[in-house]
Structure formats: structure tokens, C-alpha cells
Amino acid sequence: MPYLLDTSICVFFLRGKLNLDQKIRQVGRENCYLSEVTVFELRYGAENSDDPVVSHKSVDQFINGLTILPVFGCERRYAREKVRLRRLGKPIHDEFDLLIGVTTVEHKLTLVTDNTNDFERIEGIVMENWFRTA
């Protein structure tokens with residue numbers, strides 16, 4: 001089963017709160033993907049850290065060998081989902097989360113996140129929380 005790793009799970013790993021390496025080996029590195037949005041968020045966190053040089057190096061090591069999926073190609077699903085949620089009165093205010101969520105659905109992946117409340121409104125999304133099961 002292929003997985004898209006959300007930013008929250010990646011941050012837990014980079015902060016030493018989750019042994020993600022072991023889980024990735026268990027499911028297969030070839031089955032783990034990142035959204036380019038997550039890479040942007042990880043880079044922001046690294047730049048904003050106490051030691052950006054060390055933090056960027058950690059991000060480099062983490063993303064090395066993982067497939068990074070572009071958001072381009074998901075724009076129609078994004079637009080439909082944003083309108084659907086707004087009309088339901090349940091919008092997702094974090095644009096990055098919406099982009100990550102629709103990328104997950106568009107590529108038929110399972111989203112790995114600790115942030116299930118923000119994503120559960122996205123139609124067709126499948127999620128797992130590796131932090132709670134770790």
C-alpha cells in the first residue's frame with residue numbers, strides 16, 4: 001500500500017519523537033511519498049530553527065530517496081474540494097493541508113498524519129496515524 005507522509009509525521013521524526021525509519025523499512029521506501037508542499041514546510045521549519053544549517057542537513061537526509069509528488073495535476077480536484085467544503089460550511093483554512101489532502105486522493109495514496117481532524121473532511125481520503133500506533 002502506498003503512503004503520502006504528511007508534514008506532522010515528518011516533523012515528529014525529525015524531532016526524534018517517532019522511529020519513522022523503522023516504519024518506512026517495514027512498508028517499503030518505494031511505497032512512501034512526500035508532497036512538494038511538505039518539503040516546503042520542512043524547509044521553512046529548518047530555516048526557522050536554532051541551527052538552520054544542521055536542520056536543512058537533516059531534511060536533506062530525510063527526503064533523500066523518497067519520491068516527491070508535485071501538486072500540479074491536482075488543481076481540478078483542489079478547486080472542486082475547496083468549493084464543496086465551503087458550501088458545506090466546513091472549509092479547510094490551511095491551504096497547504098488542502099493541497100496535501102487532494103494530492104493524496106488524486107494519487108490514490110493513504111495519508112499518514114497525526115492531524116486527522118483537518119483532513120477527514122476531504123472526500124475520498126484514506127488516513128493512518130503512525131504516531132498513535134508507534
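A residue is called buried when its relative accessible area is under 20%, exposed when the area is over 50%, and partly exposed in between, with a 1.4 Å probe and protein chains only. The structure described here is a predicted model, in which local features need pLDDT of at least 70 and side-chain atom pairs count only at pLDDT 80 or more, while totals for chains, interfaces and linings use all residues. Residues are numbered from 1 along each chain as its sequence is written, and side-chain values use heavy atoms, with hydrogens and water left out.

**Aromatic pairs**

Rings of Phe, Tyr and Trp (for Trp, the six-membered ring) pair if their centres lie within 6.5 Å, and the planes count as stacked when under 30 degrees apart, as edge-to-face when over 60, and as tilted for the rest. The structure holds two aromatic pairs. Helices (H or I, at least four residues) and strands (E, at least two) are DSSP runs numbered from the N terminus. Since Tyr 3 lies in strand E1 (residues 3–5) and Trp 130 in helix H8 (residues 130–133), the pair ties together parts that are 127 residues apart in sequence. Both Tyr 3 and Trp 130 are buried. Phe 13 and Phe 62 form a tilted pair, with 5.2 Å between the centres and 35° between the planes. This pair links distant parts of the chain, for Phe 13 belongs to helix H1 (residues 7–14) and Phe 62 to helix H4, 49 residues apart. Phe 62 is buried, with a relative accessible area of 4%.

**Salt bridges**

A salt bridge is a side-chain nitrogen of Lys or Arg within 4 Å of a carboxyl oxygen of Asp or Glu. By this rule the count comes to five salt bridges, and the table includes some of them.

| Residues | N to O distance |
|---|---|
| Asp 60 and Arg 43 | 2.4 Å |
| Lys 82 and Glu 95 | 2.5 Å |
| Arg 121 and Asp 118 | 4.0 Å |

Lys 82 in helix H5 (residues 75–88) and Glu 95 in helix H6 are 13 residues apart, and their pair links distant parts of the chain. Lys 82 counts as partly exposed at 34% relative accessibility, and Glu 95 is likewise partly exposed at 28%.

The expected span of a helix is 1.5 Å times one less than its number of residues. H5 has 14 residues and reaches 20 Å from its first C-alpha to its last, close to the 20 Å expected. Within H5, the residues Tyr 78, Glu 81 and Leu 85 are buried. They cover an arc of only 75° around the axis, which puts them on the same side of H5; the arc is that of the directions from the helix axis to the C-beta atoms. The face of H5 turned away from its buried side carries the exposed residues Arg 76, Arg 80, Arg 86 and Arg 87. H5 is followed by Gly 89, whose phi is positive, near 75°.

Among the buried residues of H6 are Asp 97, Leu 98 and Ile 100. After H6 comes Lys 108, whose phi is positive, near 55°.
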